[in-house]
Amino acid sequence: MDKSSATELARAAGLNLWNFRGRPLLPVVQGGMGVGISAGRLAGTVASFDGVGTISSVDLRRLHPDLMEATCELEGPAAKAQIDAANKEALHREIRRARELAGGRGLIAVNVMRALDQYETYVRQALESGADALVVGAGLPLDLPELAKDFPKATLVPILSDARGVQLLVRKWEKKGRLPDAIVIEHPRLAGGHLGAAKVADLKDPRFDFEVVLPEVREFFRKSGYEKDIPLIAAGGISCREDIQRLQGLGAAAVQLGTAFAVSCESDASLAFKQVLAGARPEDLVEFTSVAGLPARAVRTPWLDKYLRLQERMQKAAHQKPHCTMWFDCLTKCGLRDGHADWGQFCIDKVLGYALAGDVRKGLFFRGAGRLPFGTQIRPVQDLLNHLVGHLVPPTVAVPAAELQEA
Ligand SMILES: Cc1cc2nc3c(=O)[nH]c(=O)nc-3n(C[C@H](O)[C@H](O)[C@H](O)COP(=O)(O)O)c2cc1C
């Protein structure tokens with residue numbers, strides 16, 4: 001596959017292209033992954049093959065030594081404004097980088113979690129820096145139409161998990177005179193990171209199954225006269241062309257993958273991060289409640305194992321703290337800072353930062369539950385996309401670790 005032939009291969013493989021605003025795209029979206037896992041390099045590479053690459057907006061200064069050096073030791077009430085400014089600058093740089101790599105192909109999206117304290121700032125910065133699309137999850141983005149009103153061409157994409165959530169959001173947006181340009185339907189039993197169910201016990205609820213949600217949502221669209229207007233993107237556990245065909249058969253226009261892109265050569269994470277995800281077996285995965293109050297899925301690494309053993313004791317001792325451990329206040333509501341006894345009791349920015357840097361002992365490594373197309377191998381985005389469109393990929397291209405580190 002070269003960059004110009006990706007869509008032809010997909011079509012030849014029996015997949016429907018995603019015709020988005022008159023542009024034929026590969027029906028493959030690389031999901032946003034924070035902190036720093038999907039930044040400009042990964043998103044730009046995916047877009048260069050006519051796919052959709054998504055930059056995760058949260059705490060991107062961690063990928064920029066100058067910005068990190070200027071802010072990592074800051075303390076006290078004045079620290080937050082400087083950290084936030086560094087992150088705005090980092091987001092701008094990553095969008096520019098993605099654009100350069102994409103060479104005008106595909107789409108560059110920015111993922112912003114609704115639960116973030118700087119949600120509005122990141123939304124505005126992403127739009128001002130020229131992102132094609134905004135993808136918002138981890139909470140209901142009911143206010144996104146107002147925030148994006150000065151950018152009528154921007155594509156707005158909420159992430160939801162069940163038909164009830166879709167109906168609620170669409171009805172609210174209708175009143176503001178705007179519809180979502182697409183909707184990601186993310187399966188909480190399969191996806192990685194924060195999950196769209198109220199609690200861990202709900203993750204396996206059959207109402208989230210693609211076979212249930214996609215037809216229900218399409219029926220709602222049909223009754224509302226929207227079937228043609230709002231493409232659906234199915235996310236979670238997708239690993240091959242047959243999965244894409246099955247989901248397109250259920251009415252999805254495209255699919256979104258996270259973990260498989262996180263372990264690609266071009267992923268912005270460290271090699272050790274990729275090896276932890278690629279090396280995890282199904283029994284190594286665990287679900288728990290994060291500090292954002294949402295269920296999450298990750299690899300049971302030493303830090304997480306210890307935390308889960310201590311969790312109950314820490315929750316019993318939960319109390320409101322005078323300030324955020326990092327003086328960053330990354331979340332609007334934080335279980336640790338605000339003392340929510342039912343929520344997680346750890347500093348998420350710190351442990352995700354350790355994971356990004358490849359600290360296997362101290363990091364939190366989000367991961368989806370599905371199998372990876374290349375098992376434990378770290379391979380280029382090009383191989384992954386070839387595999388997804390059913391194009392034969394040589395089985396034994398092992399890239400030396402030194403090269404992977406540089407990639
Ligand atoms: C390491 C990691 C970090 C993630 N971070 C985010 C995030 O910041 N925002 C978000 O909306 N989704 C996040 N996700 C979810 C992905 O975008 C994607 O929808 C999901 O992983 C798809 O499932 P899969 O991993 O089985 O392909 C993350 C997933 C992983 C694996």
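Modeller: A crossing is left-handed if the near helix is turned anticlockwise from the far one by less than a right angle, and right-handed if clockwise. Helices (H or I, at least four residues) and strands (E, at least two) are DSSP runs, numbered from the N terminus. This is a predicted model, in which local features need pLDDT of at least 70 and side-chain atom pairs count only at pLDDT 80 or more, while totals for chains, interfaces and linings use all residues. Residues are numbered from 1 along each chain as its sequence is written.

Colleague: In which sense, left-handed or right-handed, does helix 2 pass helix 4?
Modeller: The axes of helix 2 (residues 40–48) and helix 4 come within 7 Å and cross at roughly 30°, where axes are lines fitted to C-alpha atoms, for helices over the stretch in contact, and angles run from 0 to 180 degrees between N-to-C directions. Helix 2 and helix 4 are therefore roughly parallel to each other, given that angles under 35 degrees count as roughly parallel, over 145 as roughly antiparallel, 65 to 115 as roughly perpendicular and the rest as oblique. As for the sense in which helix 2 passes helix 4, the crossing is right-handed.

Colleague: How many charged residues does the contact of helix 2 with helix 4 have?
Modeller: Residues of helix 2, including Arg41 and Thr45, meet residues of helix 4, among them Glu94 and Arg97; two residues are in contact if their C-beta atoms, placed from the backbone, lie within 7 Å. For the classes, Ala, Val, Leu, Ile, Met, Phe, Trp, Tyr, Cys and Pro count as nonpolar, Asp, Glu, Lys and Arg as charged, and the others, Gly among them, as polar. The contact of helix 2 with helix 4 divides into six nonpolar residues, four polar and, for the class you asked about, five charged.

Colleague: Which residues of helix 5 meet helix 4?
Modeller: Helix 4 packs against helix 5 (residues 119–128) at an angle of about 30°, and their axes are 10 Å apart. From helix 4, Asp84, Lys88, Leu91, His92 and Ile95 take part, and they meet, in helix 5, Thr121, Tyr122, Gln125 and Ala126.

Colleague: Which residue in strand 13 stands opposite glycine 193?
Modeller: An open sheet of three strands has the order 9-13-12 with antiparallel pairing, and its edge strands are strand 9 (193–194) and strand 12 (285–289), each of which pairs on one side only. Strand 9 is paired with strand 13 (residues 295–299) over two bridges. Opposite glycine 193 stands arginine 297.

Colleague: Which element supplies the largest share of the shell around the ligand?
Modeller: Of the 29 residues around the ligand, Gly31, Gly192, Gly193, Gly258 and Gly368 come nearest, a residue being near a molecule or strand if its C-beta atom, placed from the backbone, lies within 6 Å of it. By class, this shell has twelve nonpolar, 15 polar and two charged residues. Strand 5, strand 11 (254–257) and helix 10 (259–262) each supply at least two residues, and the largest share, three residues, comes from helix 10.

Definitions and conventions
Two strands pair if DSSP finds at least two bridges between them.
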